[in-house]
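These notes are meant for someone opening the model for the first time. Please keep the sequence and the structure in view while going through the points.

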Amino acid sequence: MTKRVDRRKFLAGGASIATAGLAGCALMGGGSSDTIKLGILEDQSGNFALVGSPKHKASLLAIEEINNDGGINGQQIEYYDPDPQSSNDRYLELTRRMVQQRDVDALWAGYSSATRETIRPYIDQQDQLYFYTTQYEGGVCDKNVFAVGPTARQQLGSVLPYLVEEYGPRIYTIAADYNFGQLSADWVKVLADENDAEVIGEEFIPLSNSQFSSTINRIQDADPDFVMSMLVGQNHTSFYEQKASAGLDIPIGTSTAMAQGYEHLRLDPPAMANIYAGVNYMQEIPTNRNTRDGGFVDRYYDMWPDAPYLNEEAENNYFSIYMYKRAVEQAGTTDQEEVKAALESGITYPAPEAPDGEEIKLVPETHHVNHHMWVMRADENHNVEAVDDRVIDETFLKDTVGCDLTSKDEEKQYTPQDYYEEAG
Amino acid sequence: MAPGVDLLVQFFPSFAKIVLAATGLAIIFGIMGVINLAHGEFIMVGAYATTLAYNGALGALPLVPVDPIGVLPGAVQLPAAMLTGVLVTALFGLVVERTVISGAVPNWIAERTIGRPVVKPMYDRLLDSMVATWGISLIMVQLVRNLYGNSLNGIGIPFGQFSYGNGLSISTYKLVLAGVAALVLLLLYVVFVRTDYGMRARATIQNEGMAKSLGVDTERTYMATFALGSGLAGLTGALYAPLQTIVPGMGGGFLVEAFVAVVVGGASVVVGTLLAGGLLGFVYALFANVWGTFAGRIMLLVVAILVIRFVPQGLSSLVERIRDRWAEVS
């Protein structure tokens with residue numbers, strides 16, 4: 001007898017849960033909600049937590065500022081920020097949840113290119129509005145994706161010509177042995193060719209490797225004018241300490257070190273001495289918007305006093321949320337197609353990376369950003385100073401590929417091998 | 001360019017890494033039949049304890065009036081911090097052994113509450129021990145991340161560099177590590193051949209039942225062995241703390257070397273690890289130097305495959321066979 005009651009109870013309970021679930025869906029599905037819903041999927045734990053948590057924190061800063069300032073068109077922003085834990089499976093699961101259950105109006109998600117490529121097919125299937133903000137290898141021409149971080153061509157294109165000018169034309173490339181590192185190394189070759197320099201050696205290093213004696217030895221043997229380093233991850237960070245200890249003092253250009261994982265603050269000097277990073281943002285860049293009292297850096301640390309660093313991608317999340325705000329205000333709705341059209345109307349924003357009076361521009365055709373790029377040098381005490389800066393346009397998709405999302409609906413990633421002989 | 005000298009110099013750091021990564025694992029596997037998949041995390045504990053101690057964390061503990069490492073003269077601060085790392089890891093290993101591997105603590109409690117033991121010891125249960133220690137490794141990585149964040153500020157690499165001509169140079173510390181690795185093997189030899197513990201440990205490997213009936217407390221031997229293996233993993237972490245970024249997942253970087261060396265070396269801890277370190281160190285240095293890191297790491301795995309195919313008991317079994325043949329001849 002008791003068993004039957006239990007079973008009936010169980011059924012009743014199950015039914016009520018199912019009804020509640022449906023009710024929830026019905027509520028969520030209604031387009032007449034009075035808040036704007038954003039999904040913020042950034043790693044707060046796991047392998048990418050060190051670089052991902054500043055993105056998460058800066059996103060929340062932008063949202064809080066906008067809400068305190070009256071929201072977007074009078075609507076407050078509501079956000080969902082579950083932790084994807086640096087796992088691509090979890091990213092896919094959470095992206096689905098954001099779209100199906102939370103019905104978000106726009107999504108910011110993911111640190112690595114592998115994560116982006118994991119969720120992009122689903123984003124495209126659902127024709128969502130997705131912002132990918134990490135600096136990356138470039139080439140994504142996708143109607144639903146706004147890749148607002150700088151591309152390899154923009155980052156390397158700022159630092160490589162500077163180093164050729166300063167030190168000479170012979171380049172040695174070391175890069176992480178996966179998609180991003182391989183494509184970045186191709187870009188080094190393309191840029192070397194454009195700047196009358198040559199790559200005299202290159203080595204791709206497995207992500208699990210953390211001992212660099214033989215790599216250091218090979219670089220010394222080749223004796224280049226400078227090294228281009230696209231090393232990635234915590235294991236590879238050990239390279240900088242080991243090369244300093246081995247007495248390798250050749251200048252190093254990089255698109256990956258310092259601006260993301262703040263190695264110049266984490267490692268003992270002089271590990272990062274004479275390293276030049278080509279970046280659109282680091283917390284040290286000397287713009288008034290960034291460093292003044294009450295500037296970007298101050299506001300970030302006011303909200304997050306214990307945060308260790310404000311990195312490149314954090315700024316990208318921050319300004320792209322503001323660009324989204326401008327687009328929604330212009331469109332007068334959160335309807336994703338209309339917001340995309342507004343984003344494709346030449347939205348600009350006075351981002352912290354740009355000096356006073358200058359706004360960075362979201363390019364309508366490519367969904368990429370023409371960034372204000374900086375070459376930042378660390379000295380032997382790890383003080384970082386700007387040695388060069390200028391606006392560098394995204395040219396690969398715009399000019400070389402001819403991607404035009406305003407007239408053609410594409411969902412593709414192009415690589416330099418398709419267009420450059422040197423990259424083959 | 002002198003490829004001979006170059007190769008010789010590059011041999012030392014790879015020999016050191018392989019030997020130091022493998023000894024702790026080899027001892028626990030060889031004597032207890034436990035595959036410790038948390039070996040990398042034991043190394044991580046050693047590195048964390050060393051780094052924290054070096055940066056003055058001991059002084060912040062309750063009941064400690066002054067930082068005991070901070071009051072030491074500068075030159076011995078790092079060795080003292082490393083010793084702390086070794087001891088902390090050995091102690092940690094002891095706790096893991098009592099609670100998970102042998103199950104002595106949960107059994108002690110269970111016998112007094114529900115009247116029967118609940119955990120069967122992990123000794124010689126290869127697959128079970130892998131699952132249990134893998135679980136430990138997952139817990140440890142996240143626990144350390146929760147406690148200490150995503151990374152610790154590191155220790156500078158001591159000593160400076162050693163130049164060997166033609167613009168080539170290497171961090172002196174990496175050469176010192178090779179000396180330490182050789183010393184560790186020598187000490188292990190002495191421990192296993194000259195001490196009572198070593199004799200009991202060898203008796204336990206050969207025939208546990210017989211050893212027990214002759215009065216060897218095998219459980220105590222296992223406990224000491226696990227602590228010794230853990231302490232050696234801690235030493236590896238301590239020695240590599242200055243060279244590496246201190247992050248919760250750092251132990252993973254030692255696993256390939258450690259497991260390949262144990263497979264290649266075979267059952268005998270000292271002879272096996274020495275031979276494996278020598279062969280693999282040479283192969284890695286040669287290929288990494290000429291064709292790059294990637295080729296070096298591929299060749300480590302190729303050597304492992306060849307050894308499993310042709311000398312499945314490992315290089316140390318080869319030595320035993322040769323010794324037996326000599327004994328027959330003479």
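**Notes on the two chains**

1. Eight residues of domain 1 of chain B touch seven residues of domain 2 of chain B, where contact means that C-beta atoms, placed from the backbone, lie within 7 Å. The bounds are 26–246 for domain 1 of chain B and 266–330 for domain 2; such bounds come from an automatic or database domain assignment. Between the C-alpha centres of these two domains the distance is 25 Å.

2. On the side of domain 1 of chain B that touches domain 2 of chain B, α1 (3–32) and α6 (172–194) of chain B supply at least two residues each. The largest share, five residues, is from α6(B). By class this side holds seven nonpolar, one polar and no charged residues. The classes are nonpolar (Ala, Val, Leu, Ile, Met, Phe, Trp, Tyr, Cys and Pro), charged (Asp, Glu, Lys and Arg) and polar (the others, Gly among them). Helices (H or I, at least four residues) and strands (E, at least two) are DSSP runs, numbered from the N terminus.

3. The model is predicted: local features need pLDDT of at least 70 and side-chain atom pairs count only at pLDDT 80 or more, while totals for chains, interfaces and linings use all residues. Residues are numbered from 1 along each chain as its sequence is written, and chains are lettered from A and ligands numbered from 1 in the order in which they are written.

4. An unreviewed UniProt entry lists "transmembrane region" for several stretches of chain B, among them 15–35, 76–96 and 172–192. UniProt positions are given in the numbering used here, feature names are shortened, and annotations may be inferred rather than shown by experiment. In the model, residues 15–35 of chain B are 86% helix and 0% strand, with end C-alpha atoms 22 Å apart. Residues 76–96 of chain B are 100% helix and 0% strand, and their end C-alpha atoms lie 30 Å apart.

5. Which helix does α3 (residues 74–101) of chain B cross at roughly 140 degrees? The partner is α9 (residues 218–240) of chain B, and the two axes come within 7 Å. Axes are lines fitted to C-alpha atoms, for helices over the stretch in contact, and angles run from 0 to 180 degrees between N-to-C directions. Residues meeting here include Gly85(B), Phe92(B) and Glu97(B) in α3(B), and Phe226(B), Gly234(B) and Leu239(B) in α9(B). The contact divides into 14 nonpolar, eight polar and one charged residue.

6. Between the chains, 36 residues of chain B are in contact with 33 residues of chain A. Elements giving two or more residues to the chain B side include α1, α6, α10 (252–265), α11 (269–291) and α12 (293–310) of chain B. That side has 12 nonpolar, 19 polar and five charged residues.

7. Chain A contains 14 helices and 16 strands. Its radius of gyration, taken over C-alpha atoms, is 23 Å, close to the 22 Å that the globule rule gives for 424 residues, so chain A is as compact as a globular protein of that length. The globule rule is 2.2 Å times the number of residues to the power 0.38. The C-alpha trace of chain A spans about 80 × 55 × 45 Å along its principal axes.

8. Chain A also has a domain 1 (33–151 + 288–371 + 392–411) and a domain 2 (153–284 + 375–386 + 412–418). Their contact takes 32 residues from domain 1 of chain A and 24 residues from domain 2 of chain A.

Methods. Two residues are in contact if their C-beta atoms, placed from the backbone, lie within 7 Å.
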